[in-house]
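Please read the points below with the structure open beside you, and check each one as you go.

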Amino acid sequence: MTERKSASLGEAYGQALVELGERDPFLVVLDADPSSSTRTAQFGKRFPERFFQVGGMDSTMMTIASGLALGGRPVYASGFAVFAAGQGYSAIRQSVCYNRANVKIVATHGGLLVGGDGAPYQMLEDIALMRSLPGMTVIVPGDGPTTRAAALAIASFDGPAYVRLTKENLPILTDGSFTLGRAAQLREGSDLTIVAIGAMLARALDVAEELHRAGVEARVLDFASIKPADEKALITAARETGAILTMEEHNVLTGLGTLVASVTATTSPVPVRQVGVPDLFGESGDPWKLLDHYGLSTKHALDEAWALLQVRGKVS
Amino acid sequence: MTYHAGSGHPGGSLSVTDIVTALVFHELRIDADHPDWPDRDRLVLSKGHAAPALYSALAHRGFFDPKILPTLGEIGSPLQGNVNHRTLPAIEVSTGAPGQGLGVAVGMALDARLAKRPSRVYAIIGDGECRAGLTWEALLAGGHYALDNLVVLLDRNDLETGHRNEDRIGIEPIADKFRAFGYDTLEIDGHNFSAIFEALARARATKGRPTAIIARTVKGKGVSFMENQEAWHGKPPTREEAERALAELGGSL
């Protein structure tokens, strides 16, 4: 596996917030994480009057955020994904999205990689919940530079957004040239396409590298912009490569894989295999070993890739 | 309106009508010619299903044509069953999910304070909502931030769908609870205009903490056969009932 430099997504978000706060004197930040481990603290230190620590009140953070936003302010609201999106869902639905309030929810600690705290803290359903809300933009960055770019990109429009971050440091894979609604092609290939998000992006590149050694060229798409989705890139990938493997740290029934399958099924049906968390709750454990344990290992993804290539008749 | 719509909540609309009237026609600094005036006061109807009361008041205050009032609840009408900010801009925020309006009001009050705007924020909440945890979280926040530009008005009619409020999980002693949360708390007759004005004036003069006004009200107020009848929480009147009700209130269909 390739050695890469890693960086904290939360840290990248924290720095972007300070930048945003300098740019826009009306921007305010709320945080429902009592320990401020969501990295909003830098903003709080710099702009104390525009920072509201509402630790433990994730739903009410959303209603308060809506009230602040309806007065014309951009609002960034942060918390653990499981509480921000899970507990906050009804308030995000009614008070944020239904009012089209300019609230940007940046949730940390998404997915299994929370590790030791186990299932109560491992959010595996947030993409499904947030994507089904009318008018909601959904982004799952795969590295620090994309996190920074996404945090800045969502400031450019008036309306709600949800960004899911990972607690663990992730390898730097992009130059941060993230564009909303665009999939970034991280690797060229025409035998197969791997579409991945978040922590699975590095593993997708590892799978592609393994395939390359065996003479198979896989295209790798960073699908950080979940909604709006780059349907064109998916259809092109289906037509040009004939098979798609998706990789996500989310319930496999309702995340990236189903999105990719439904887009391609309409115009260019190709076999789509999905690597993701099965329909179950996580458990405590070493974060990276948990990914392997639940079938998100590079090895398992590689097996899935070979299975796809077999179906396509590209290997025997 | 609820007769024309064939749906809606006449009881809870009538219980809050005097409070809404006092706010829209007397207390609120609002301007129908400049509905977006940044320094205006904000009214949040957290009990969004009392929409007919607020629609009627805003229309007659000049924010929109009263002729559209009978379209309440029709497909395509800006008058949604629960108040909607996007279809009717005179509504400050869409509500309906119990317990959420007060948090939005707290956000609005924080916004005004940060911007050094003189705007005051009035949130009307129902007694059924006082069981929702969100209401208490928002009350905590309002007390913590000592929002003296925030007034919480509780429409205490003690009736909700199918039963008396206190017969289920009761909320009394509600005044003690508001006080404990840091609110200057008053209890008034919610149908006595001078009492309402007096309470609102005291709220305006109160510094360093928010105000809670517990308005004791009568569900279905002003219509003899609806008063204190929980059956009228979510049931529209027939044509005959609507005619009788409006005659008692001094109006007509």
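1. Two residues are in contact if their C-beta atoms, placed from the backbone, lie within 7 Å, and helices (H or I, at least four residues) and strands (E, at least two) are DSSP runs, numbered from the N terminus. This is a predicted model, in which local features need pLDDT of at least 70 and side-chain atom pairs count only at pLDDT 80 or more, while totals for chains, interfaces and linings use all residues. Residues are numbered from 1 along each chain as its sequence is written, and chains are lettered from A and ligands numbered from 1 in the order in which they are written.

2. What covers its buried residues includes helix 2 (10-27), strand 3 (150-156), strand 6 (184-189) and strand 7 (211-216) of chain B. Here a residue is buried if 20 or more other C-beta atoms lie within 10 Å of its own, exposed if 12 or fewer, and partly exposed in between, with C-beta atoms placed from the backbone. The buried residues of helix 7 of chain B are Ile196(B), Ala199(B), Leu200(B) and Ala203(B). Because these cover an arc of only 95° around the axis (taken from the directions from the helix axis to the C-beta atoms), they are on the same side of helix 7 of chain B. The face turned away from that buried side carries the exposed residues Ser194(B), Ala201(B) and Ala205(B).

3. The length of helix 7 of chain B can also be checked. The expected span is 1.5 Å times one less than the number of residues, so the 13 residues of this helix (193-205) should span 18 Å, and its end C-alpha atoms are 18 Å apart, which agrees.

4. In chain A, 5 strands form an open sheet of mixed pairing in the order 9-11-10-13-14, where two strands pair if DSSP finds at least two bridges between them. The edge strands are strand 9 (184-187) and strand 14 (272-277) of chain A, each of which pairs on one side only. The twist averages 25° from one strand to the next; axes are lines fitted to C-alpha atoms, for helices over the stretch in contact, and angles run from 0 to 180 degrees between N-to-C directions.

5. How is strand 10 of chain A placed, buried or exposed? It is mostly covered, since 5 of its 5 residues are buried: Leu192(A), Ile194(A) and Ala196(A) point one way, and Thr193(A) and Val195(A) the other way. Strand 10 (residues 192-196) and strand 11 (residues 218-222) of chain A run parallel and are joined by 5 bridges; in strand 11 of chain A, Ala218(A) stands opposite Leu192(A) and Val220(A) opposite Ile194(A).

6. Two helices of chain A lie across strands of this sheet. Helix 9 (residues 231-241) of chain A lies across strand 10, strand 11 and strand 13 (244-251), running at about 175° to strand 11 of chain A. Helix 12 (residues 298-311) of chain A lies across strand 10, strand 11, strand 13 and strand 14, running at about 165° to strand 14 of chain A.

7. Finally, 21 residues of chain B are in contact with 21 residues of chain A. On the side of chain B that touches chain A, helix 4 (101-114) and helix 5 (133-144) of chain B are the elements that give two or more residues, and the largest share, 9 residues, comes from helix 4 of chain B.
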